[in-house]
Amino acid sequence: MSSNAGGRRKPPTIHDVAREAGVSRGTVSRVLNGGHYVSPAAREAVDDAIRRTGYVVNRHARSLITGRSDSVGFLLTEPQERFFEDPNFNVLLSGCTQALARHDIPLLLMLAGTKEERRRITRYITAGHVDGVLLVSSHSGDPVAEELRAAGVPLVACGKPIGLGSKVSYVAADDRDGARDMVRHLLAVGRRRIGMITGPLDTPGGVERLAGYKEILTEAGIAIDEALVVSGDYSKASGEAGAERLLAQAPDLDAVFVASDLMAQGVLAVLQRAGKRVPDDIAVGGFDDSPAATAVTPALTTIRQPWDRISTEMVRVLLAQIGGEDPAAVILPTELVRREST
């Protein structure tokens, strides 16, 4: 590398990389823009030269040429406090960040919990400041997904957006099958008065987990008792409120299926205050296998969502869509994880 008049070393350029690799500048440019029409040997030589020289892509200059920002947005349409309370969001954000880092693409976190925030973020995205969006926690009636789709913004949702069908790409765990597995397990350990605290019923997870609960009880010949079903919003506080309602409405219940581990934390706190032993008096099952599942006593039996695969698939599908491919849907299997609460 050369030095300027002040003695400071200039950052390496694409010409330095080409000279170090023994290839043309055009070959280096093709490697940096996806590696099309470049032999494996030339790509390896360029990659080695980039490491040796310490070359860093000038993203602003590249964006002027390609019309792309070379960045992706992680959009959470929930109140900001939910991001800090619910460990699932942080696990998903971390996984997506790592998956994009393998492509040298930065991830921008966007929180839009109010209508005004959603309008502002939508304007920012549709102005071209990111190449695509990973959308998390979209509620029915939330216009963000439809507005971004209509604007032609590449988009992948975590969970199937209600009402948009195959119009939007999504990656989801099999919520219904996971719920079915949990209720089967509770029946297998001898429980019959099984309550449920649902997720928000304007979200795909809320709807599908409730459907799985009802299906297995019906298959077992157990009538659905609406006194045993209350709704929550995935927060710990809503789990506490739901448990108090269940104990008041159905004091003879012997199990609770809770649609998130964080809500289940609240349930366990209420049961302890009420003098109920878990699992002796009331068994408790959660959903997610988040850090919240092992941060309580007794440790929580739950349904594991494959967060690492969800984040990796979301990034893969989004990058494919940015590259011109059609929308795609990916549904991943869940797994029952048995611990001390059942």
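Q: Leaving aside its neighbours within four places in sequence, which residues is I194 in contact with?
A: In this predicted model, I194 is in contact with V183, L186, L187, Y213, L217, L228, D254, A255 and F257, once neighbours within four places in sequence are set aside.

Q: Which residues touch the most other members of the largest nonpolar core?
A: In soluble globular proteins, nonpolar side chains tend to be buried together. Here the largest nonpolar core has 41 residues, and those touching the most other members are V183, I194, I197, Y213, F257, V258 and V284. At least two residues of this core come from each of α9 (175-188), β6 (194-198), α10 (204-219), β7 (229-231), α11 (236-249), β8 (255-258), α12 (261-273) and β9 (283-285). The element that gives the most is α12, with six residues. There is also a second, separate core of 27 residues, with L107, V156, V171 and V317 among them.

Q: What confidence does the predictor assign to the chain, as mean pLDDT?
A: The mean pLDDT is 89, and 91% of the residues reach 70 or more. Residues 63-67 should be read with caution: there pLDDT stays under 50, and the model has four contacts beyond four places in sequence for this stretch.

Q: How many helices and strands does the chain have?
A: The chain has 13 helices and twelve strands. Its C-alpha trace spans about 80 × 40 × 40 Å along the principal axes. Of the 342 residues in the chain, 52% are buried. Among contacts with a separation of 6 or more, 70% join residues 24 or more positions apart.

Q: How many residues does α10 have, and what should they span at 1.5 Å a residue?
A: An α-helix has 3.6 residues a turn, so residues three or four places apart point the same way. The helix α10 has 16 residues, which should span 22 Å at 1.5 Å a residue; its end C-alpha atoms are 22 Å apart, in agreement with this. The buried residues of α10 are P204, G205, G206, R209, L210, A211, G212, Y213, I216 and L217. Their cover includes α9, β6, β7 and β8. After α10 comes G221, with a positive phi near 75°.

Q: Which residues of α11 are buried?
A: They are S238, G239, G242, A243, L246 and L247. Among the elements that cover them are β6, β7, β8 and α12.

Q: Is L247 buried or exposed?
A: L247, which is placed in helix α11, counts as buried because its relative accessibility is 19%, and the cut-off for buried is under 20%. Leaving aside neighbours within four places in sequence, its contacts are L253, V270, L271, A274, K276 and I282. L247 and V270 are 23 residues apart along the chain, and their C-alpha atoms are separated by 9.4 Å.

Q: Is G22 buried or exposed?
A: G22 is exposed, because its relative accessible area is 64%, and the cut-off for exposed is over 50%. It lies in the loop between α1 (14-21) and α2 (25-32). G22 and E244 are 222 residues apart in sequence, and 71 Å apart in space from C-alpha to C-alpha.

Q: How many aromatic pairs does the structure hold?
A: A pair of aromatic rings is described by the distance of the centres and the angle of the planes. The structure holds two such pairs. One of them joins F83 and F84: it is edge-to-face, at 5.2 Å centre to centre with 80° between the planes. F83 is buried, with a relative accessible area of 5%, whereas F84 is exposed at 63%. The other is formed by F257 and F287; their ring centres are 6.5 Å apart and their planes are at 45°, so this pair is tilted.

Q: Which parts of the chain does the pair of F257 and F287 tie together?
A: F257 lies in strand β8 and F287 in the loop between β9 and β10 (302-304), so the pair ties together parts that are 30 residues apart in sequence. Both F257 and F287 are buried. A charged residue also takes part in the surroundings of F287: R209 lies over the face of its ring, at 3.9 Å from the ring centre.

Conventions. Residues are numbered from 1 along each chain as its sequence is written. Side-chain values use heavy atoms; hydrogens and water are left out. pLDDT is the predictor's confidence in each residue, from 0 to 100. Contact means heavy atoms within 4.5 Å. A nonpolar core is a set of buried Ala, Val, Leu, Ile, Met, Phe, Trp, Tyr and Cys residues joined through side-chain atoms within 4.5 Å. Buried means under 20% relative accessible area, exposed over 50%, partly exposed in between (1.4 Å probe, protein chains only). Helices (H or I, at least four residues) and strands (E, at least two) are DSSP runs, numbered from the N terminus. Rings of Phe, Tyr and Trp (its six-membered ring) pair if their centres lie within 6.5 Å; planes under 30 degrees apart count as stacked, over 60 as edge-to-face and the rest as tilted. A charge sits over a ring if NZ of Lys or CZ of Arg is within 6 Å of the ring centre and within 35 degrees of the ring normal. The expected span of a helix is 1.5 Å times one less than its number of residues.
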